[in-house]
Amino acid sequence: EFARGLLAEAGAVALGRNTFELFQDIWPPRLENKNATESQVRLARALTNIPKMVYSSTLKTTTWSNAAIVQKVDPDTINTYKQEGKGGLLTVGSVSLVAALTGMKLIDDYYFCIQPLIAGHGSVRFFDKVKLDTSRPLKYVDSKGLKSGVQIIHYQSTY
């Protein structure tokens, strides 16, 4: 429900190829799955209906409705969403995309999710991907604890 609330405020979703392909495999089938919970169906519907931009130089086609493949990050396009009141772009996961957007100073808000588990493996971490020329201070906005044990901490960029 928290993610669905963020989607409701967004004008579009921007995803990297890996996250997009994972979501495309998971969420559209939830609309037809009789065992899916009501909250899963609501999120699947929201993700299907919202415009999606998948940033990839290798992906050639997509079967998910309202999805467009974008070859590279264009700051002017992203700023258009901010300036024209289109609700902005929401990026979920997509560590390389978020790292690129951070480097270009295009992210206004960060929602860091602390999961109630210790990862046993994996090499893709946000802070490993971000290579900044200087530190970027963030302003604390608020935090929220979910029933699942996930803690979400909201920060805003200060540039």
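Which residues of helix α5 (residues 95-103) are buried? They are L97, V98, A99, L101 and T102. Buried means under 20% relative accessible area, exposed over 50%, and partly exposed in between (1.4 Å probe, protein chains only). Helices (H or I, at least four residues) and strands (E, at least two) are DSSP runs, numbered from the N terminus. After α5 comes K105, with a positive phi near 60 degrees.

The model is predicted: local features need pLDDT of at least 70, side-chain atom pairs count only at pLDDT 80 or more, and totals for chains, interfaces and linings use all residues. Residues are numbered from 1 along each chain as its sequence is written, and side-chain values use heavy atoms, without hydrogens and water.

Five aromatic pairs are present. Rings of Phe, Tyr and Trp (its six-membered ring) pair if their centres lie within 6.5 Å; planes under 30 degrees apart count as stacked, over 60 as edge-to-face and the rest as tilted. F20 and W64 form a tilted pair, 5.7 Å centre to centre with 40 degrees between the planes. This pair links distant parts of the chain, 44 residues apart: F20 lies in helix α2 (residues 17-30), W64 in the loop between β2 (52-55) and β3 (67-70). F20 is buried because its relative accessibility is 0%. W64, at 5%, is also buried.

Y140 and Y155 pair edge-to-face, because their planes stand at 75 degrees, with centres 5.9 Å apart. Y140 is in strand β6 (residues 138-145) and Y155 in strand β7 (residues 151-157). Y140 is partly exposed at 46% relative accessibility. Ring pairs join Y110, F112, Y140 and Y155 into a cluster.
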